[in-house]
Amino acid sequence: MNRQIRRVAITVGILMAALLVNLNYVQVVKSDAYRNNKNNKRVILNEYANPRGSIIVQGTPIAESVATKDELKYLRKYPDGPTYADLTGWYSLVYDKNGLEETEDGLLSGSDSRLLGTRITDLLTGRTPKGGSVSLTINKAAQEKAYAGLAGRRGAVVALDPRTGAILAAVSSPSYDPSVLSSHNLDAIQAAWKRLNADKDQPLLPRAFQATYPPGSVFKVVVAAAALKAGKKPDDVIPGPTVLPLPDGGTMHNFANESCSKNGKTTTLIAALTISCNTAFAQLGIDTGQDAVQSEANLFGMNDQDFSVPLSVSGSTMGTIENRSQLGQSSIGQFNVQMTPLQAAMISAAVENNGTLMQPYLVQQELAPNLSVLDTTQPKQQSQVLPPDLDRQLQQMMENVVSKGTGTLAQIDNERVGGKTGTADNADAKGNPLPPHAWFTGYAADPVHPIAVAVVLENAGVTGNESAGGEKAAPLARDVMKAYLADMSGR
Amino acid sequence: MTPPSGEVRVPTRRTAELILLVFAIAIVFAAEAIVEATRDGRVNRNLIVDSIVPLAAGVVAHLVIRRVAPYADPLLLPIVVLLNGLGLVMIHRLDLGLKQQSDDGTGPNFTGAAAPTQIVWTALGIVLFLLIIWFVRDHRMLARYAYTLALAGMFFLVLPSVLPARFSEVNGARIWIRVAGFSIQPGEFAKILLTIFASAYLVSKRDVLSLAGRRFLGIDFPRGRDFGPLLVVWLICIGVLIRGHDLGTSLMFFGLFVVLLYVATERVGWVVVGLLLFAAGAYIAYQVFSNVQTRVTVWLHVFDYPGGIGYQVSQSLFGLGTGGLFGTGLGGGHPEIVPLPATDFIISSFGEEIGLFGLVALLVIYVLFIARGFAAGLAVRDTFGKLLATGLSFLVALQLFVVVAGVTRLLPETGLTTPFLSYGGSSLLANYVLLALLLRISDAARRPPSPSKHSAPEPAVTPQAIPA
């Protein structure tokens, strides 16, 4: 009888071993698959069980978690949602996270390793665990002015502090309200998502960092810098014909076939930039050489495909250039040249800051749940685009644009303002020409609170007319700079 | 330097039992403290209640065992107190979760906490345990009442099936008696009564069953008149259980009878016959009963019905998977999402919150209990005791296997309680009876023969060991 009992016991042992093997399969092998199954709401319940940290601009939250009475304990709210949407991104039940909600998730959710101590204390004292907060470099006045100025238009505004690289404003238009995508109402989220994605004006596209446009004449600043470095002086006489035959085929005209000077043949470097002479800059780019222009563009931050602030930034590029005719086209910011609004602002910022380009950044401080500072971003130099003495000459040229050239609408009383307009030809996917984009990049060289701004307004111009950048984009840049300067001197 | 001759001292191990008991209560205390800290942010009155009750129950049981079953196995009681205590902690934790769900409007209305009821059942279970261990001083006396107990067991089994559905049906299974707000599942008691009967019957017919018979296809079949009564009891059980739509209990009875027959007759043939009968029964049940088909469909294609018939098992798997290796911590998960989290699916509730490591530890504790039961069966001298201990241990083992396999999708889910852990009075009471019987048998197994019957004591020391 005992032998049979032992055999029964062994059989039971085998059954138990089968259970253990199967438990390993369920809880280890399939663990991630089960955890992330769309019908498993446990992870989301946990994620919404604790308050997420805030995203703060000048002491005011632009994204915050508020307690609710429903199953998901906390609701993400964006008090001034559309104004800051391209920075905050969304925090959605259905469509994951985006923007700073995504890049700063570790800190905001409280899972960051630097918060380990706080988490353990919370567990012992029984306080509700809370995420840390992020304080941004954004200036409210500049951001709000930019958002208001873009109302009803498609485009973007980026403003930088030239001395530090701190991003003072970044707005894309049209915008959207991230609160809707971050609600707890699945139907409302999905309806909003569908509507936003169907909108041909692409409200979800963070234009300031991720849209690239042909920069048009804005790129002439880069070519001018390359030429100065190559030994040209602002007053040097350079060719500026009404029509320029390009060396490898084709011709280059100015807008409306205007001539760049009284004699219709030559001009000076400073005058060519001031009135934005296409033929002069095409020839200047060809004469300076592709390598020199390319390396100068790289110093300004172009061709960087792996760039984040910490929001990821699309790479601006000169594109492929196969011959000197294409180099000529590229030198006036057409052909395959593509630039983000942030990149355009970085050009003015570098020129304003005596040729030193500072790395752009968006996060001023990272704060623990008790608001003690975990980390403060230290400004970092990215490159020296020009030696200070040559940069001084480029400043004169850009300031000439505003004082008596195409950018006069950017003038601000009692401020030294420099800039460059751009009116960039572009076409739709089928190659049909569209109204040109209006560009302006510039700076106010205030001795205490300098600011650099780039504005792009999509298809805001009239085909064949080069005044769009100066007429449409420059005033908005001026308004943003004025709002910032007023805000800074007001306190 | 030599021990006194003439008497072999067998250690009673009662002190070990007490120490293990304190250890078990410490674990329960810690578990409840973690639940309260996680859910409420501080410990509260429940910590005391949920720890004191198992502690008091364990200590009282320990004192009585000291007196009436001093040689009983020292592991069994602490294991049961630990399991019962952890069950209380989880039931309390699920009360909190279910109430939360109800308040949020995302779950069924919360109709009242289950933990206080389970505490009452625990107390009643201990009382029943004490009565049995006090009055049943020798397990062999049970064999004398085999047919009476069988009748009582049959009555318990049949009663819910013949009562009107409003008195007996819960969640589609007609296995309950509901009177005055109390629900009793008489099948839980029937399973122990019938184990006693089957053991006694098989012992008395053992020789006939294993020797006399007709040989067919190399297997010895018993004569009809020897096997008849057992077959009748078995068929009635199965019939009643199928009418009650309770597959799990049918499976339990079936496995139990096959094992008891095998151990009693020492014939592998019975196992073969049993497995063939089981296969045939399973096939017929699948063809005839729609709820069997549903369970098999869920088993095979659970993720095809995430919001319908597969909801319960898929959520159980999600809970276990979310728990992963270490679990979410007690109170940190969402086991209340799974329907019936405190009864049929309490294993997934634990798996989600204490993880694979915790769940394996829990299973090991069960395996210890089952192994001690088998050990008692091996060591006890009388065949009735051997059969009864084996049968009772196998009941616990098979029930645990069917439950865990069901909630982890190793087998189709059948709907059984987890012994000692699950919420439910009948289950708890019946399992305390089972504990009392196992303790009684283990006491008989280790108890030294009384001196009066021992006329020729063995020499305590060998001659070589005597100093010159």
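**View 1. A five-strand open sheet in chain A of a predicted model.** The strands stand in the order β6-β5-β19-β18-β17 (chain A), and their pairing is antiparallel. Strands are DSSP runs of E, at least two residues long, and helices are runs of H or I, at least four residues long, numbered from the N terminus. Two strands pair if DSSP finds at least two bridges between them. Strands of a sheet pair through backbone hydrogen bonds, either parallel or antiparallel. At the edges are β6 (167-173) and β17 (417-427) of chain A. Each has a single partner strand, so one side of each is left without a neighbour in the sheet. From one strand to the next, the twist averages 10°. This is a predicted model: local features need pLDDT of at least 70, side-chain atom pairs count only at pLDDT 80 or more, and totals for chains, interfaces and linings use all residues. Residues are numbered from 1 along each chain as its sequence is written, while chains are lettered from A and ligands numbered from 1 in the order in which they are written.

**View 2. Strands β5 and β6 of chain A, with helix α8 of chain A across them.** Strand β5 (residues 155-160) of chain A runs antiparallel to β6(A), joined by six bridges. Look for Ala159(A): opposite stands Ala169(A) in β6(A). Helix α8 (residues 140-150) of chain A lies across both strands, at about 20° to β6(A). Axes are lines fitted to C-alpha atoms, for helices over the stretch in contact, and angles run from 0 to 180 degrees between N-to-C directions. Contact means that C-beta atoms, placed from the backbone, lie within 7 Å.

**View 3. A six-strand open sheet in chain A.** The order is β3-β2-β1-β4-β14-β15 (chain A), with mixed pairing. Edge strands β3 (74-77) and β15 (373-376) of chain A each pair on one side only. The twist averages 25° from one strand to the next. Inside this view, β4 (residues 133-136) and β14 (residues 363-367) of chain A pair in the antiparallel sense over four bridges. Leu136(A) faces Val363(A) in β14(A).

**View 4. Helix α19 of chain A and its bend.** At Ala474(A), α19(A) bends by about 35°. The bend is the angle between axes fitted to the seven residues ending there and the seven starting there. A proline, Pro475(A), follows within four residues.

Note on methods:
Contact = placed C-beta atoms within 7 Å.
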